[in-house]
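This briefing is meant to be read with the sequence and the structure open. It goes by topic and can be checked point by point.

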Amino acid sequence: MILVLMIGVLLVGGLSCWLVAQRYPLMGRWIALIAVIIAFLLPVGWYIQHAPGITAVGKNWLIDYQVNWIPAFGISFHLAMDGLSFILILLTFLLGALSVLCSWNEIREKTGFYFFNLLWTLAGIAGVFVAMDLFLFYFFWEVMLVPMYFLIAIWGDFNRRYAAYKFFIFTQTGGLLMLLAILALYFIHGQQSGGQYTFDYFALLNTTFSNDVTARWIMLGFLIAFVIKLPMVPLHNWLPDAHSEAPTAGSLILAGLLLKTGAYGIIRFVLPLFPEASASIAWWAMLLGVVGIVYGALLAFAQTDLKRLIAYTSVSHMGFVLLGVFAFREIALQGVVMQLLTHGVSTGALFVLAGMLKERLHTRDINHMGGLWTAMPHMGALAMVFVMASLGLPFLGNFIAEFLILLGAFDVSPVLAIIASAGLVLSALYSLRIMQKVFQGQLQPISEQPRDLSVREWIIMACLTAAIIFLGLYPQPVFDVVKGALITSYQLPVAGGFN
Amino acid sequence: MVITRYHPVHALLYLAVSFLSVGMIFLSLGAPFVAALEIIVYAGAIIVLFIFVVMMLNLGNETAQQEKEWLKPKVWLVPSALVLVLLAEMLLLLFSGNQQVMQVSQVDPRKVALSLYGEYIIAVELIGFLLMAGIVGAAHIGKHRKPSLHRFLQNGDAEKERASALQQETIPNEQTVLHD
Amino acid sequence: MTDSVNMVLMVATVLFALGLVGVLTRKNVVFMLISVEIMLNAAGMAFVAAGSKWQQPDGQVMFLFILAMAAAEVSVGLALVLQIYHQHKTMDVEDLKELKD
Amino acid sequence: MNSLLPYIPALPLFGFVILSLFGRRLSKPVTAWLGAGTVCIAALITITVALAFLQTTPPGGAYSQLLWSWFTVGNLSVDISLRVDALTLVFIFIITFVGALIHIYSAFFMWHDRDMARFFASMNLFVCSMLLLVMADNLVLMYLGWEGVGLCSYLLIGFWYEVPSNSRAANKAFLITRIGDTALLIGLFLLFKELGTLNMNAILQEAPRHFTTGGSNIVLITVLLLVGGMGKSAQIPLQTWLPDAMAGPSPVSALIHAATMVTAGVYLIARMHGLFQLSPVTMAIVAIVGAITLLVAGCSALAQTDIKRILAYSTISQIGYMFLALGVGAWSAAVFHFFTHAFFKALLFLAAGVVIEALHHEHNIFMMGGLRKRMPEVFITFLAGAAALSALPLVSAGFFSKDAILWYSWSSAGGSALLWFMALVGAFITALYSTRLMLVVFWGDMKTPVHQQPDRGMVIPLVILAFFSITAGFIEWPHNMIHLSLFSDHVQQVLPGTVMKENLPPEWLFQAIAAVVTLLGVYLGITLYYGKSGVRWQQSPPLAATREFFFSGWKFDQLYNFIFVKPFLFLTRINKSDVIDRMYNGIAQASLRLNGWFSVSQNGSLRLYIVGVLAGILFIITLQLLL
């Protein structure tokens, strides 16, 4: 029930933002903030209440809520949460609250509609993380897509239309492939179980495929949808444009959350539903992951547009996710979950910083920056923290994630893991380039000195910094919570025989 | 003959003739009720409607002249050839079926009416709606709105008017200059 | 009256084809409407013939429907013709290519 | 004692946190007290721990303290847990003690810098990371310290970030060490795959049982670890960052070179000695790398004109000695050389800092001169440092440690005449450039006026360090002399003894040769550089070319620039706009063109539409007729 409330609060909050802002334009943001915070407190409060029960062995599904929706087609309104969902939900609302905060002053026109879109995107993402009915999942998948399109297309930067179209077309293509795959799975399962047509995840888990080729095609349908979101090279092209053109909050949500839905989908659906089929393509997927790591890093180094640069680092970091998922090792998968969290926090923070810089300097070109440490020492120090996080410095969460992923992958394919490790050197290259170009060197002669952080910005950055350091020094709670949820993802393929 | 006339009124007269002959064919097929309707509605009402329009628009010799220009062999040859092919094919279909002799029998109006208000009652109602909509639509469209033009055309017209106004202003000036 | 149904159908076909030629070749909207009338007539004729062949009233019912529809069509069509003429001062369909962007 | 351990790294960490959060609000004295004080207290605690350790060796030979479990995933369990054994004790003593002296010195040195808080925050973090590195009981925690050291060196080398070359130097340092770090990381993966643990003790216990001596896996692992060590310790071929790292303030150089960063590689190899012993090939590589590095860096030091660059190359060279010692299995000699080197190198850098400060930031030694009279305290302490560096017999600490290395490079099982000879030549060169440095800076005419005398607070650390530079060697005498081996006894609780060859020539012969060679080097230096003669000597063309070659650090920078940097930049530049994007744009354009074609048909011509319909009907009917 708490899950329904959580999503409902966001949906209602979004609508009321829109309506209220018609009359009082400044009220919208307060409503949005309150709605997200309520949605955040719901699962946190629940967790505090039930914390002892969670670590109990054998109880993977923390909450399960199911009512019939369209019984004729076997569609139910089925929400459930396990450790993995729980962690990602927390991330969603944390970043959601911050994204409301960082659009506090940035958005000046159509604020109501803006917050409406923002909250609905968040609701869609939260829904994706808890939907356990494939039809419902697809529904939420689209819910998060369309408002995001508006966020980019209306409040974006100069080239926003192009970016928004590109984003929409890419992800929608994937979405349609997924729809086809869902339907195919639906019918195959229905025939097998003698007419019991259902979209329910747990029922579909029992589907067996007589034919390897069919299984592989259906699996690819899901996988392509997810790797477009992830994104995987060579399907990554929507990302730099969308990230760099979106407003700050949009970039934050894109990088921090939307990309995670792809990884979540792979872990939740592709691996458990098609263990053999995904084991059979594992090597190729890992290869593409590694290609993504290196290719993204190379491109990131070449960029001069700050947001674009950060966007390509996402491509690089998400390569690690792909590598880790298809290694089929518990260590690697735990690393992947960690990577999802830490990448969300660190890259999100970098985008927020880029947004703040743009607000002050009115440019995203790093060639026009330089020496900003002198003017803004606090921002410089924070940027240093997150740049270091992005290049995988220990103390900070990203290191643990990348370390575990590589450790797990090394067990499977040493060569790929070694090439991926080279990505660490490349990540140092592009990360340091950010610092060097933006904060070091001589201060450019600007008419007005840019201000250092305001209180609101301090709150945003303090949350993110605390999160990333906490994840770096004491990640064990995350691992414990997630552990049960991942078992289905890595145990089956081992039985399936992976070489 | 209808389709080849240049003058609209002539074409309409030939159309009337066509309708009348179709009516006769109906009669010979044993459908007197329909034959009557054919003559009343088509040859009566519709033709009259056309003639009204022709009169309102004052389509006369001028239009005929225009039509003559438009109706070149170049224009009608290709479509006619296509239609001829179609015709040939349809006739082929028509005669490829078995040629059994059928007794033509009378279908009286009573039967028609029974079927009309029996099994086709819904269709009748729909047709009623259609006619209603047709009347309202025609009345609405036919209202003589004066200058409510499409906005693109409006601009063009306004410019044209302005241009012509300018011309009118300049010409007298020239004349005055000449006079001086 | 042996082959009359087939004969009638043949006439209807010819009539339809003539109407089609008319629609295709004429540029004047009024003439096109007239041609459409002829085609509708041909269709109706085919219906009546078929109805009489199987001795069913349905053919004639259909003809009635066509008749009603034709009446509606002509009234709306002619109203449109009037408006078009008022606005564009022409009857030529080729001059009315506003659909093209 | 165990409960005291966490405070050693925690105190500098506390300083870092406070300074980085509130640094701008604190006044300068508070900043200085906080920055230097935390490290000093840590040093005091270390000394307490050390005394306790020396009195009664704790059970198992080590103090250890589990702080918390970092993460447990699958079969990998990593704790944040500290462990201090005899080897670590040497390192933490040096780190905290020399670190504290450097901090005290910095409190005066950086007094006028407006970013003093940032400076002390970074320094404290540096000390903290290095302490974690050496106190870690597992390799992941060590890697944390390892990377933390890299980060701090980056922060401190680029401390004066406004000058572009400084931030470039910082980037270079970070990147090159990062390459080594990545190799180390891969080594860790391989270790974990083989042994299933990353705990150091467990590894050392497991390794002999799991690996066969000289097996390919163990060779691979040790080579990877070695590359990691080479990156941090600036050994060939990853040495190029260190000379550029002089861009930071002088105390930073002292900290990097003496107490912390560059010795990390030595620590790693000494710590993982159990693995290296299983792989004789790698041991040989270590020795050869060390020998080559000490020669190459020594030659480069001969040609430099920047006082700090001379010292930097000398550091590379001295670390080369340590690697050589490690490679021949002279574990305790290597650590002992680290021990003495820390004192005199810190001293030399700090003294150089004073000189540079006094002469308006003049770095070129040929613009100095005649400082003997003007800055006597600095002169005397610097002299002590230089003597130790050139290993003057019996009066300096450097002699005892370097002599041990020379002796073992011949006499140990892994040693050979060639290695010994290279080390000997290195000793000669070291003496030569030390003499050159002393003579050019402190003798001769004064070329730049001295504009300020050093603070008392800066001189006191110098004096303390000078004292240790002379006396630190006395705790370990060669076997044939007084036979006092306090140091090696202590260290050999952890490290194995050196395996010796049979039938060796007498040890005193080697000591005599080494002493003579060193004195020869000093003598040659005096003849060349005393008075004006040195300048003339340098002008001859073939020497000038060699000098240029040495000056540029054997052209390693240019080589890497050509092999790696330029192709990389080229690659990234041509692909800036992402080739794959073209493909999608191609699809988009194709669909636009198709749209163009089809939109021609939508021209609003009614008759054309009807023809289309007609054609369709025709097509269908024809189909039906034909089929």
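The model is predicted. Chain D has 627 residues, and 55% of them are buried. Its secondary structure comprises 27 helices and 2 strands.

**Chain D: overall form**

- Along the principal axes, the C-alpha atoms of chain D fill a box of roughly 120 × 60 × 55 Å.
- Among contacts in chain D with a separation of 6 or more, 81% are between residues 24 or more positions apart.
- The domain assignment of chain D lists domain 1 (333–538), domain 2 (547–576) and domain 3 (577–626).
- Taken over C-alpha atoms, the centres of domain 1 and domain 3 of chain D are 86 Å apart.

**Chain D: the strand pair**

- Strand 1 (residues 62–73) and strand 2 (residues 76–85) of chain D run antiparallel and are joined by 10 bridges.
- One of the residues with a bridge partner is D:Tyr63, which is paired with D:Val84 in strand 2 of chain D.
- The two strands of chain D form a hairpin, with 2 residues between them.
- D:Gly74 lies in the turn of this hairpin and has a positive phi of about 55°.

**The contact between chains C and B**

- Chain C contributes 59 residues to this contact, and chain B contributes 63 residues.
- On the side of chain C that touches chain B, helix 1 (4–25), helix 2 (29–54) and helix 3 (58–88) of chain C each supply at least two residues.
- Helix 3 of chain C gives the largest share of that side, 23 residues.
- Sorted by class, the side of chain C that touches chain B holds 38 nonpolar, 16 polar and 5 charged residues.

**Chain A: an enclosed helix**

- Helix 9 (residues 238–245) of chain A is largely enclosed by the rest of the structure, because 8 of its 8 residues are buried.
- The buried residues of helix 9 of chain A include A:Trp238, A:Leu239, A:Pro240 and A:Ala242.
- A:Asp241, A:His243, A:Ser244 and A:Glu245 are also among the buried residues of this helix.
- The buried residues of helix 9 pack against four helices of chain A: helix 5 (134–155), helix 6 (160–192), helix 10 (248–273) and helix 13 (306–325).

Note on methods. Residues are numbered from 1 along each chain as its sequence is written. Chains are lettered from A and ligands numbered from 1 in the order in which they are written. This is a predicted model: local features need pLDDT of at least 70, side-chain atom pairs count only at pLDDT 80 or more; totals for chains, interfaces and linings use all residues. Two strands pair if DSSP finds at least two bridges between them. Two residues are in contact if their C-beta atoms, placed from the backbone, lie within 7 Å. Ala, Val, Leu, Ile, Met, Phe, Trp, Tyr, Cys and Pro count as nonpolar, Asp, Glu, Lys and Arg as charged, and the others, Gly among them, as polar. A residue is buried if 20 or more other C-beta atoms lie within 10 Å of its own, exposed if 12 or fewer, and partly exposed in between; C-beta atoms are placed from the backbone. Domain bounds come from an automatic or database domain assignment.
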